[in-house]
Amino acid sequence: MSSSAADGNRRHALRIAALTVIATAIALPLVILVLGPNMPPGKDTTAGVSQVFDNTVLLVVMTPFTMFILIFILYSVLAFRVRPGDNDQRDGAAIRGHMPSQIVWLATTTAAVLFLAIFGSAELLASNGAGGGEGPKPIAKPSGSVFQVQVIGQQWEFTYRYPSYGGVETAQLVLPVGQEIEFHVTSLDAVHSFWAYELGVKADANPGVDNVAFVKVKKPGTFQIRCAELCGLWHGYMFDTGRVVSQSQFATWIAGQQRTFAGSQQYLPKYSLTYTPDPQDRAG
Amino acid sequence: MKLRRLIGFNLLTAVILGVIGFYVGWWLGSLFTSESVAYLKESNQHDISLFIGYFTGVLGFLVGLGFANYPVQRMLGKPASLREKETQGKTRYLGLCTDHKVVGLQYLIGIGAFIFIGGLNAMLIRYELITPNQHAWNGNNYLTLVGLHGTMMMGMMTSGILGPFANYLVPIMIGARRMAFPRIEALTFWLLMAAGAILMTAIAFGGFPTGWTGYAPLIDQANMGVDAYIAFFAIVGLSMCLLGLNMVATVITMRAPGMTWGRLPIFVWGQFSTAILMLLAPPVLISTLLMVMLDRTAQTGFFNDQIGGSSYLYENLFWFFGHPEVYILALPGMGILLEILPVFTRKPLWGYKLAVSGLMGIALLSWLVWQHHLFMSGINADLRPFYMLSTELISLPTGFIFICALGTLWAGRIRLTSPMLFCLAWLFNFLIGGLSGVFLSDVPSDVTTHGSFFSMAHFHYTIMGALLFSFFGGIYFWLPKMTGIKLNERLAKAHFWVMFISFNCTFGPLLVIGFLGMPRRAVTYAGYLQGANTWVSVSAFFLGGSMLIFIFNFVWSLVFVREPAGDNPWNSKSIEWQLPSPVPVHNFDRIPTFGPDPYPYGNVGSDAVPSMPAVTPARPTQ
Amino acid sequence: MTELAHHSTDYSVVESESPDVMGRNLRVGAHLWSSATAFFFVAFLFTYFYLRSLNNHGLWRPKGVNAPVTLGTLIAVAVALSAIMTFAAARKLRAGDRSAFRSLGVVALALGLAAVVLQIVVFATVGFGPTDGAYASVFLAWSGFYMVFVVGTMYWLEVLLATSFRYRGHGAAARPAPGEASGDAHRMGDDIASPISLQSPGADAFAFTWGVLAGIGVITWIILYLI
């Protein structure tokens, strides 16, 4: 390559580097201060807080790489484009590779990936599973007392049982605020998925399996519940609204539920972590 | 006279024998009266008849095409030969032809037709999702549309680049006259076509509610329509396995003198790495689908936890196939991208060895990540950090592809032709697809995004944004070579821009919508998402419309205008462009000897020095 | 028209292929096919150990679900012997002893088919059905599909033997008559020069394939019948 061409290339390289640095410098504060904290599912629960933080870190790590690649492509297409009318027959520079660039790329991407994997694992363990289902033997769980509630998925609705209140089954999910909640998610037929969006909780419901997830809600409110695993005909209509209320409101509510269902309680199977419905029916 | 020509081993005979075979099989199935299947009879589900019917139907179809002739001849002791009767002319395309170039073009048309149908299904899905509460289709039809769209696309696009492009180009690029197993090559095409027809019959049997992933135990529960899905996927799996076997064998054994592993065009490396996955992953799928078939017919208990089975078994088996499957989709497009970039930057491929390690690294790592589809399923929580690591690691070899593409662009002389535009779009779309994948691979983040439209937008960015764009890039690049006819470049660019803009307007917002709480495959959604969904649906209609531009261009240029393309309209130095367009039946007059550099672009020394040719024809002493 | 090829070149002057090419393809193809076969059965292997470890509702292997060990062992022995004989037969063929190849091959074929028959007997007489737990399901499916592979592989052996018998009078470099090889009376059958010489590479490739499948069969026997 002639020396003027090499100088030209150095100029291009510096411009790309400068543009990348500037773009990253503009984007990073936006990501950290504006986009990140407003990422779903919101910061009203412990799971939500850890997910928002996790997403922010992901965005921060991705931003420089994204800026570099986009700027590089756009700059190259603009700077190295053959203008119509140019002598089209010449070739570009015969560059087959550049070991320093390859090493830098390999090193930075490897570092980023390893960091994200370690950070993600640490975050997962520190946040009691970040609201995700951990199976019957969770490894990241809160110390201290938990409030247990079972979520039973069936085609095509969720029902909820409260083991510390006599195993009463309700059609509404109401939770007390400020307590560590331990969800036990199971299914009676197909695979469903309990997704409490604003809580930041998702746990698949498998027949014969107890899937445990944890969350603590910081303030009262309502939240959407949606089934997140295709379970048949009315999967799209398998949604609900849940409520988080104060301790006293919850006590009132659950007492009311126990009274309402006192008569039919005897026909329910005893509370257990999984159920064996009988017979196995083939529904459409 | 004309009627006589219709009698023989051809497509018409195949269809007739296929239909007859189906009814024979159906009748055979109705003879089963053992105890374990009595339950089926009671519930009026004729699964056994349907499965046997599909099986014998496909057999009849293949016999009608003439695929049974060679095996029967061999059984009688007649020795091996390579070719079926090879007439020139257009009727070769309607039957069993062992010319790899014919098979390539058959694949292009066949896959194109089925993808068009799958795309129509997508339009109907988006039509439903314009509003949350007004329904265009009833619940079962909506789910069937979702399942048909996904299943058809997955089944067809896995062979979407190997079928048309690798079959046509790999023998030429390695200096061979044929693939290793020409009859198997033809078989893979016709198996895929039979499978596509079978999937369409799902509608006649009530559709299926499981989506393309077919989770058990829902799949055990569903109506007869799901048998079409099972049969389709199993046959597609067989077609993929054989296509992979053929491709790997060809690259290993059929290389011409001078074509060492280090000189293979990167396109061939892309198809080779894919073919290894295509050989090994589908057998697991076929096994799994056979287990589902047994669950549905013989009442075995693989996925029924009440008789000792497990829904997790299905998830593990399916995704052990399913994850290599999506890299089967991604890798060929990378091969096309890196093959086309040198031509339109007039530079050698930057970082050839790095690119090869990227492709092979992706192929290897793809086996180790499948449990990231099960992060929320309730798997042993100890496993999740490992799979988070392995999934994030796979972005490293993917990054190699990016840096090699960027290096090839660097200091080039870039011509923005339509194939080049599709390649640049690949880079943009796969960047977004890959980054969204990093979110999904991170377990805390995945809690919200798993099973949502974010996940759906992620794979559409990688499978459609990258793969389908490289598919069209490949068409615009290589169709002049395959047919000898130019496609209209202005229409091609119009197709590109409408497709690129509408694609990003469709799937970009879906990334956000997923994060905002909309689950996949649901026929209704929260009211606050209506505006976004309407925008997405309208963009999707434009995306579908862009395909019409392509089809118009295709028909207009190839049927009406028919302007000759010449031998090397793109001024490429690759070997296929040193042959006439279209490539003659025998590929080369004499097998060539390859030189040391597959990408002899770029100025060596001064601007005035011309590059070495890639190939010298063999001396005529043989 | 370019330097490398002309449309007008008469295809018949294009050289007919040396049989080494197809021989190499057969060897590589056999290895690839065997690896795909192995993956097919890996799914069953995983299924066996996974469902056994879960033992959902205690129904992995209810009382009374017992595999017929004698019959199963006979099947494994037949399959293994057949594969060993095939290796011996291929070696004879490589040394040029075509009639020894035929004799050993016929016995190997008979053993393979005997294994299939014995498996049918197992299915007819086994004391449990598909609904009797997960082990029963795995047992029936795995054994059944294994036999499908055995039947297909025996077809390949039959083809090798049939060609050997048909050309037993001829020399090793025999060329088939017009139309003989491809079955089309109008073709000269010269796309492979001396296709009869493909017998030996074919037998080697077959022996490898059958050897791997027999090995899978022995592993199947160990897992389903012994442990």
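Biologist: In this predicted model, which residue of chain B meets D91(A) in a salt bridge?

Modeller: The side chain of D91(A) pairs with a side chain of chain B, with N and O 3.2 Å apart. The cut-off for a salt bridge is 4 Å, so the pair qualifies. The partner is R346(B).

Biologist: How many salt bridges are counted between chain A and chain B?

Modeller: The pair D91(A) and R346(B) is a salt bridge between these chains. For salt bridges between chain A and chain B, the count is three.

Biologist: What area is buried between chain A and chain B?

Modeller: The contact takes 97 residues from chain A and 106 residues from chain B. Carbon and sulfur atoms give 61% of the buried area. The area itself is about 8300 Å².

Biologist: Turning to chain B and chain C, what area do they bury between them?

Modeller: Here the contact takes 72 residues from chain B and 62 residues from chain C. In chain B, P79(B), R83(B) and D589(B) lose the most area to chain C, together 11% of what that side buries. Of the area buried by the two chains, 66% is on carbon and sulfur atoms. The total is about 5800 Å².

Biologist: Which residue of chain C meets R178(B) in a salt bridge?

Modeller: The rule finds one salt bridge across the interface of chain B and chain C. R178(B) takes part in a salt bridge with an N to O distance of 2.7 Å. Its partner is E17(C).

Biologist: Which element gives the largest share of the side of chain B that touches chain C?

Modeller: The elements that each supply at least two residues are α5 (69-75), α11 (225-253), α12 (266-297) and α13 (311-345) of chain B. The largest share is nine residues. That share comes from α12(B).

Biologist: Within chain B, how far apart are the C-alpha centres of domain 1 and domain 2?

Modeller: Chain B is divided into domain 1 (11-72) and domain 2 (100-578). Their contact takes 21 residues from domain 1 of chain B and 21 residues from domain 2 of chain B. The C-alpha centres of these domains of chain B lie apart by 30 Å.

Biologist: Which three residues supply 35% of the area that domain 1 of chain B buries against domain 2 of chain B?

Modeller: The area buried between these two domains of chain B is about 1800 Å², and carbon and sulfur atoms give 77% of it. Three residues of domain 1 of chain B supply more than any other three. They are F51(B), Y54(B) and F67(B).

Biologist: Which residue forms a salt bridge with D47(B)?

Modeller: The rule finds one salt bridge across the interface of domain 1 of chain B and domain 2 of chain B. In the salt bridge of D47(B), the closest N and O atoms are 2.7 Å apart. The partner of D47(B) is R296(B).

Note on methods:
Residues numbered from 1 in each chain as written. Chains lettered and ligands numbered in written order. Predicted model: local features only at pLDDT ≥ 70, side-chain atom pairs only at ≥ 80, totals over all residues. Heavy atoms only, no water. Domains from an automatic or database assignment. Contact = heavy atoms within 4.5 Å. Buried area = accessible area lost by both parts, 1.4 Å probe. Helix = DSSP H or I, 4+ residues; strand = E, 2+ residues; numbered from the N terminus.
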